[in-house]
Amino acid sequence: MSRPASLIGVTLLALLASACPAAAALDSPGWTVTVYYTAVESLHHEPPTPVRGCPNLSCDNGNDDLGSYPADFVQAVVDEGAGRTTAGQYLNWSDDTGFWLDTAPRDANGRPLAPFRSAAADGLADGTWVTLVDCGLQDDGTEVPAEVCQQLRAPTWQIRDAFTPGLGGDKHIDLYLGEETGPDFIDSPLYTTLVGAVVRVPAPGPS
């Protein structure tokens with residue numbers, strides 16, 4: 001008599017689970033957690049300043065006229081790496097490429113950034129999945145607002161980006177929030193720095 005298909009499926013899944021155990025994870029304490037975002041031109045109102053660079057992704061350190069943008073928007077692009085213009089393009093910047101116009105904010109490997117997924121961390125391989133287990137404290141020593149901690153703990157983050165040289169370091173992770181959601185976004189509770197956080201990372205393999 002043949003076995004029911006449902007039992008065969010359960011047995012097969014059990015065999016696969018035993019053959020391919022889930023990757024071991026390690027709760028690593030002592031992390032600094034920062035965040036970054038994509039600026040939005042319409043939320044910035046300082047006098048315009050001209051920007052020169054590449055008209056597309058396929059060149060480095062260009063000198064084309066890319067237009068003029070509010071000075072505080074341009075500074076935010078330099079600080080955060082990308083900004084959406086009122087024309088619907090993205091003004092991107094990196095320290096080794098300069099400014100360029102694009103159809104998306106990009107990570108260090110040229111892939112579009114994914115809000116509440118993309119992250120940067122030195123010492124973790126590209127594609128590594130991590131989660132924030134404990135938010136620690138804000139950098140001024142105060143408690144992290146519960147809503148903020150929940151927003152940062154809920155996703156599973158993937159290392160898809162890299163720090164500007166000199167800004168990373170050991171046990172420092174930078175989490176991408178997406179586009180800024182209003183004026184003075186950097187004064188909002190979500191734009192935070194956490195210290196003493198616990199990050200769940202893959203356990204090191206056998207040496």
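**Basis.** I worked on a predicted model, in which local features need pLDDT of at least 70 and side-chain atom pairs count only at pLDDT 80 or more, whereas totals for chains, interfaces and linings use all residues. Residues are numbered from 1 along each chain as its sequence is written, and side-chain values use heavy atoms, with hydrogens and water left out.

**Overall.** I noted three helices and twelve strands in the protein chain; helices (H or I, at least four residues) and strands (E, at least two) are DSSP runs, numbered from the N terminus. Of the 207 residues, 39% are buried, where buried means under 20% relative accessible area, exposed over 50%, and partly exposed in between (1.4 Å probe, protein chains only). Of the contacts (heavy atoms within 4.5 Å) between residues at least 6 apart in sequence, 71% join residues at least 24 apart.

**T97.** I placed T97 in the loop between β5 and β6. T97 counts as buried because its relative accessible area is 13%. Leaving aside neighbours within four places in sequence, I found T97 in contact with C59, D60 and N61.

**Helix α2.** I examined residues 71-80 and found F73, V74, A76, V77 and E80 buried. These residues lie on the same side of α2, because they cover an arc of only 160 degrees around the axis, taken from the directions from the helix axis to the C-beta atoms. An α-helix has 3.6 residues a turn, so residues three or four places apart point the same way. The buried residues of α2 pack against β1 (25-40), β2 (48-53), β3 (64-70), β4 (82-84), β5 (90-94) and β6 (98-102). Just after α2, I recorded a positive phi of about 105 degrees at G81.

**Second largest pocket.** I read its space as about 250 Å³. Among its 15 lining residues, Y37, H44, D72, A76 and I186 are the closest to its centre. The helix α2 gives the most to this lining, with five residues. By class, I noted six nonpolar, three polar and six charged residues; Ala, Val, Leu, Ile, Met, Phe, Trp, Tyr, Cys and Pro count as nonpolar, Asp, Glu, Lys and Arg as charged, and the others, Gly among them, as polar.

On a 1 Å grid over the protein atoms alone, a pocket is an open set of points with protein on both sides within 12 Å along at least five of seven lines, a cavity is a set where a 1.4 Å probe fits but cannot get out, and lining residues have an atom within 4 Å of a point. Grid points are joined across faces, edges and corners, and a volume is the space filled by probe spheres set on the points.

**Cavity.** I found one cavity of 30 Å³ or more. V130, T131, L132, W157, I173, L175 and V199 line the largest cavity. To this lining β8 (129-134) and β11 (172-179) each supply at least two residues, and β8 gives the most, with three.

**L152.** I located L152 in helix α3 (residues 146-153). L152 counts as buried because its relative accessibility is 0%. Its contacts, not counting residues up to four places away in sequence, include L132, W157 and L175.
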